[in-house]
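Here is a short report for a reader who meets this structure for the first time. Look at the sequence and the model, then read on.

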Amino acid sequence: MPMTITEKILALHAGVEKVSPGDLIEVKVDMALANDVTAPLAIETFRKIGTKRVFDNEKIVLVADHFVPNKDIQSAGQVKLMRVFAGQHEIKNYFEGGESGIEHVILPEKGLVLPGQLIIGADSHTCTYGALGTFSSGVGSTDLGAVMATGEIWLKVPPTIRMEYEGSLLPNVRGKDLILYTIGLLGVEGALYCALEFAGEVIKKLPMSQRFTMANMAVEAGGKNGIIEPDEITLAYVAERSSSKSLVLKGDIDAKYKKVVKIIVDKIEPQVAVPHSPANVHPVSEVGNVPLDQVFIGSCTNGWLEDLRDAAGILKGRRVARGLRLIIIPGSPWIYKKAIQEGIIEAFLDTGAVIGPPCCGPCLGGHMGILAEGERAISTTNRNFMGRMGHPKSEVYLSNPLVAAASAVLGRIGSPDEL
Amino acid sequence: MKVQGKVWKFGDNIDTDLIIPARYLNISDGSELANYCFADIRPDFAKGVSSGDILVAGRNFGCGSSREHAPLAIKEAGISVIIAKSFARIFYRNAFNIGLPLLESEEAAKDISEGEQVIVDLASGECKSIDIGKTFSAHPIPDFMRKLIKAGGLVNYIRKGERKA
């Protein structure tokens, strides 16, 4: 029976020849992930289950990234709990301090996730790794605690929605714009419980960073996972970071999809999601005059080196608008170092930006750049829900790093063409 | 199993940031989290909710972050069941995993209003509004989820050996 790439990975990990959408299966997990917000509850679950040891101390990753450097006593306690647990169970991949960055940036960067694997993480943006041709999906802490104990999880096989992108991208249009456009088209529950597969000639030309951005936001359309079939670009990325062999799986030509949506990208402008939904998407030229208090460039969506290069290309030799705060956070220490070597960080500092240590930063409104009542920000992150970055009466707009950087200079939402 | 309570009504796309804002995610204790449940959109909720009360919402309830603090805060606040038109995927798993039952019903979610007294039969999915005297049928809870609820959540389900640990 023909299968999609998602179905093939699931069948392989369930130890069966074939699966169909709707099947309830138990699968073996190649890597289980939690962070400083979700790990404490997962550890509590693990202890309640009563298993003495984790299923495999090399297949668990714990990352301190949400509220670090620890923002208060309670957050410090959460990280401490995670650190002690990692020590007790000799968890090999525990990352904190100078070794840590944003979980979904450092796992691919350190070669910890590979094509064909099945990854479960207690973070909704775990779907990011689908860019490598991996099945990866977010769960809550109880599920993750059970995975740490058993190495397995039950899943319902999702139907796949295949998005095919054809044509040529306009200048200043990135993977971020394609995924915002897609979420605008499908709606925030358009891919509910579904696998969201990204394909077509346009995707084949995208660098890994932009593929990660797209898979990252599959959850914003309700998707269970986002996925892109691995190709030469994927394998070159992985070969630089891991000596393990990749399992290259591709969907069968006659695989069944819930639907196939073709998008001609020729006329797609840079997109902006306006408050308070990532599906509230408009071309940047139609957003109107929106003065800004803050701009944030970073996160698991757009904290990649290529994103910083994009921003630097706009910001070099220019100044941040008076009264506006520009916060830039590289996704990992490796990206930070590269950005220093390439002169990117110097350009940011000259422009008047604040550079934060690799972490989730203000994306979820807990730390490092919270908005006051009535304030407005444009951000390269993934969610613009009410109160997401601070006060419930603050506003978040989402865009790619080029638009965010141009907006920082303009003091209002605008495109690089206006500079 | 039947539950009865007063209805708290919410709209579509209630995300987990609205259920429990990120500034409270430095808390892991359920009963403490309950104090901040819906803090930004329904500041009266945490103090006004009574044990057994029922939450009724629109489409895609619980979308966004995977934070289990969201269903935990709702459950610890005293909510016995959530009826919605649809649920976001991760929230759906999380709720059943911690023993908070969810029912899907377009009609019930549309017609039941704030403050009504409702009786819900979790086994059959029947929701009866005492105030308007109308009965709605929700999709029955899938077998596997029912086992989770019966066990009191995923931890007990695994401990009881229904699934190997």
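Which residue is the bridge partner of B:Val118 in strand 6 of chain B? The partner is B:Ser129. This is a predicted model, and the report starts from that pair of residues.

**The sheet of chain B**

Another of their bridges links B:Asp121 to B:Glu126 in strand 6 of chain B. Strand 5 and strand 6 of chain B form a hairpin, with four residues between them. In that turn, B:Gly125 has a positive phi of about 80°.

The pattern goes on with strand 7 of chain B. Strand 6 and strand 7 of chain B also pair in the antiparallel sense, over four bridges. The hairpin of strand 6 and strand 7 of chain B has four residues between the strands. There, B:Gly133 takes a positive phi near 60°.

Chain A has an open sheet of five strands, in the order 4-3-2-5-6. Its pairing is parallel. Strand 4 (93–95) and strand 6 (135–138) of chain A are the edge strands, and each pairs on one side only. Here the twist from one strand to the next averages 15°. Strand 5 (residues 118–121) and strand 6 of chain A run parallel and are joined by four bridges. In strand 6 of chain A, A:Gly138 is the bridge partner of A:Gly121.

The bridge partners named so far are gathered here.

| Residue | Bridge partner | Strand of the partner |
|---|---|---|
| B:Val118 | B:Ser129 | strand 6 of chain B |
| B:Asp121 | B:Glu126 | strand 6 of chain B |
| A:Gly121 | A:Gly138 | strand 6 of chain A |

**The two domains of chain A**

The domain assignment of chain A gives domain 1 (5–263) and domain 2 (273–418). Taken over C-alpha atoms, their centres are separated by 24 Å. The contact takes 33 residues from domain 1 and 32 residues from domain 2 of chain A. On the domain 1 side, the elements that give two or more residues are helix 4 (103–109), helix 6 (175–186) and helix 8 (208–216) of chain A. Helix 6 of chain A gives the largest share of that side, six residues. The residues of the domain 1 side divide into 13 nonpolar, 13 polar and seven charged.

**Where the chains meet**

The contact between the chains takes 36 residues from chain B and 43 residues from chain A. On the side of chain B, the elements that give two or more residues are helix 1 (16–19), helix 5 (89–97) and helix 8 (154–159) of chain B. Helix 5 of chain B gives the most, with five residues. The residues of the chain B side divide into 14 nonpolar, 11 polar and 11 charged.

Is helix 5 of chain B enclosed or open? Nine of its nine residues are buried, so helix 5 of chain B is largely enclosed by the rest of the structure. Among these buried residues are B:Arg89, B:Phe91, B:Tyr92 and B:Asn97. Just after helix 5 of chain B, B:Gly99 takes a positive phi of about 85°.

**The nonpolar core**

The largest nonpolar core has 202 residues. Those with the most contacts inside it are A:Leu62, A:Val295, B:Cys37, B:Ala73 and B:Ile83. Helix 14 (residues 401–410) of chain A gives the largest share of this core, eight residues. The core also draws at least three residues from each of domain 1 and domain 2 of chain A.

What does A:Val295 touch, not counting residues up to four places away in sequence? Its contacts are A:Leu324, A:Leu326, A:Ala377, A:Ile378, A:Ala404, A:Ser407 and A:Ala408.

Notes
Residues numbered from 1 in each chain as written. Chains lettered and ligands numbered in written order. Predicted model: local features only at pLDDT ≥ 70, side-chain atom pairs only at ≥ 80, totals over all residues. Contact = placed C-beta atoms within 7 Å. Nonpolar A, V, L, I, M, F, W, Y, C, P; charged D, E, K, R; others polar. Pairing = 2+ DSSP bridges. Domains from an automatic or database assignment. Core = buried A, V, L, I, M, F, W, Y, C linked by C-beta atoms within 7 Å. Buried ≥ 20, exposed ≤ 12 C-beta atoms within 10 Å, placed from the backbone. Axes fitted to C-alpha atoms, helices over the stretch in contact; angles between N-to-C directions.
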